[in-house]
Amino acid sequence: MKRKLIYLFIALAATLLPAHAQKFLNDALTLSNVSLWQQGNSLYVGMTVDMKNLTVGSTRSLSLIPLLTDGQHNVPLQEIIVNGKRREKAYIRSLAMTKQEPTAIIVPYNKRETFNYTQVIPYKPWMANASLQLVENLCGCGNYQEMNAQELITNDVSTEAKRLSAMSPIVAYIQPTVEVVKNRSEKYEAHLDFPVNKSVILTDFMNNHAELVNIHSMFDKVQNDKNLTVQNISIEGFASPEGPLAFNEQLSKKRAEALKDYLVKNEKASSKLYKVTFGGENWDGLVKALESSSMKDKDTFLKIIRNTTDDAKRKQEIMRVGGGVPYRTMLKEIYPGLRKVNCKIDYTVVNFDVEQGRVIIMENPKYLSLNEMYQVANSYPKGSKDFINVFDIAVRMYPADAVANLNAGAVALSQKDLDRAVKYMEKADHTTAEFMNNTGVYNFLNGDINRAMAAFEQAAKLGNEAAQANLKQLQQILSVKMKQ
């Protein structure tokens, strides 16, 4: 005669508790730390089973079978059997008589506490979307099934692909060195016109008025800015490459001196700040002008210039091309533009704090040092539009700087723009730990996990914190992690 059950299976609905534990059998059976972890070709199943509060009738047997299923596929895992006191004795006698080893996990009657359940099974692609169910069977004497239930434990299958896609590798930035004195310059290439063999500036001659207005504008910009202090004013004169070199040098110096005298008279800067030099005959300018011209003999001229090292001989050969006609055309159309004066103002810029820097970077970013830009960038939330914009401005202002390029590459990586990241990283210092870490981030985003791991390890050895964090994340993803 069967006794009425009064303590088992009232609701059996799995409930997720704050402690991430699921309770069954009137809260008598507790499952926690449930884990489905795919690694390579294996699926690792783990959970903690707490039976301290479980009671099973003396003649009854409770069977617990974890079942992995996606609705079409079913894989039952190793069974857990909990016998009542009398049922346990009968079960042991049966095993002894048949000389069989139990295929299930037998929980002894007097040791119903907490134990860790682990299983390793071959991984199949369908398991990525599977759930883990618990099939519960309560049997009475004579193996009469009194109750059956199947409850969800978890559908969270942690696959390697899911873990990799969820990983957000950390990029590394380098703080630039402090620029104690910020030296800057403004430069204007003036093409002043002079009468033949003359060195006096005539303000209304040819295009001189417009050129002088531009030079005045440059001086006004620098001298009227309270953040700037003029240090030097350089005037360099160039000659067109015809006639004797000594004469060209003397004439160019006189013309450069004429500009100096004009500026000393018309600008506020002290005459002691000026320095006049002769830049030479403007062969580079002639090459550029010929390359962009439509002269039919330009290739001949360029060949002579590039293959003849002696300037006097070079001039003679140029004059003989085509009987001298092309040369006379150059004298009229090209050579006047080669007679120029470069005027450069060297100045220093005051240092700015972050609040000032936020304004200056929008108005005149050239006045900020890389370190000041770095401080401004980090005054905004990392990854924000303003944060990214500052590093983009920095690399535009300092296109050849290794630190500016590394930080711009880091920004591009954070946006997963791999093509742009490569462009910047090529100009960065490849020996820094930050570069090695960011190389690892690039490899990770590009799907090359082995190279990413190697790069993170290399940077981590050099003490880079971003690399250490990335390495830890990747090792957790690529290592078997059983939640015990």
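Colleague: How much space lies in the second largest cavity?
Modeller: The second largest cavity holds about 40 Å³ of space. This is a predicted model, where local features need pLDDT of at least 70 and side-chain atom pairs pLDDT 80 or more, while totals for chains, interfaces and linings use all residues. Residues are numbered from 1 along each chain as its sequence is written, and side-chain values use heavy atoms, without hydrogens and water.

Colleague: Which residues line the second largest cavity?
Modeller: Its lining consists of Pro176, Leu370, Met373, Tyr374, Phe391, Ala394, Ala404 and Asn407. A cavity is a set of points on a 1 Å grid over the protein atoms alone where a 1.4 Å probe fits but cannot get out, and lining residues have an atom within 4 Å of a point.

Colleague: How many cavities of 30 Å³ or more does the structure hold?
Modeller: There are two cavities of that volume, a volume being the space filled by probe spheres set on the grid points. The largest cavity has about 60 Å³ of space.

Colleague: What lines the largest cavity?
Modeller: Leu192, Phe194, Phe238, Ser252, Arg255, Arg339, Lys340 and Val341 form its lining. Of the residues lining the largest cavity, four are nonpolar, one is polar and three are charged.

Colleague: Let us turn to the sheet. In what order do the four strands stand?
Modeller: The order is E12-E15-E13-E14, in an open sheet with mixed pairing. Strand E12 (182-190) and strand E14 (274-281) are the edge strands, each pairing on one side only.

Colleague: In which sense do E12 and E15 pair?
Modeller: E12 pairs with strand E15 (residues 341-349) in the antiparallel sense, over nine bridges; pairing requires at least two DSSP bridges. Asn183, for example, has Thr348 in E15 as its bridge partner.

Colleague: Finally, into which domains is the protein chain divided?
Modeller: The chain comprises domain 1 (22-158), domain 2 (182-348) and domain 3 (352-478), with bounds from an automatic or database domain assignment. Taken over C-alpha atoms, the centres of domain 1 and domain 3 are 51 Å apart.

Methods: Helix = DSSP H or I, 4+ residues; strand = E, 2+ residues; numbered from the N terminus. 1 Å grid on protein atoms, 1.4 Å probe; cavity = no way out; pocket = protein on both sides within 12 Å on 5 of 7 lines; lining within 4 Å. Nonpolar A, V, L, I, M, F, W, Y, C, P; charged D, E, K, R; others polar.
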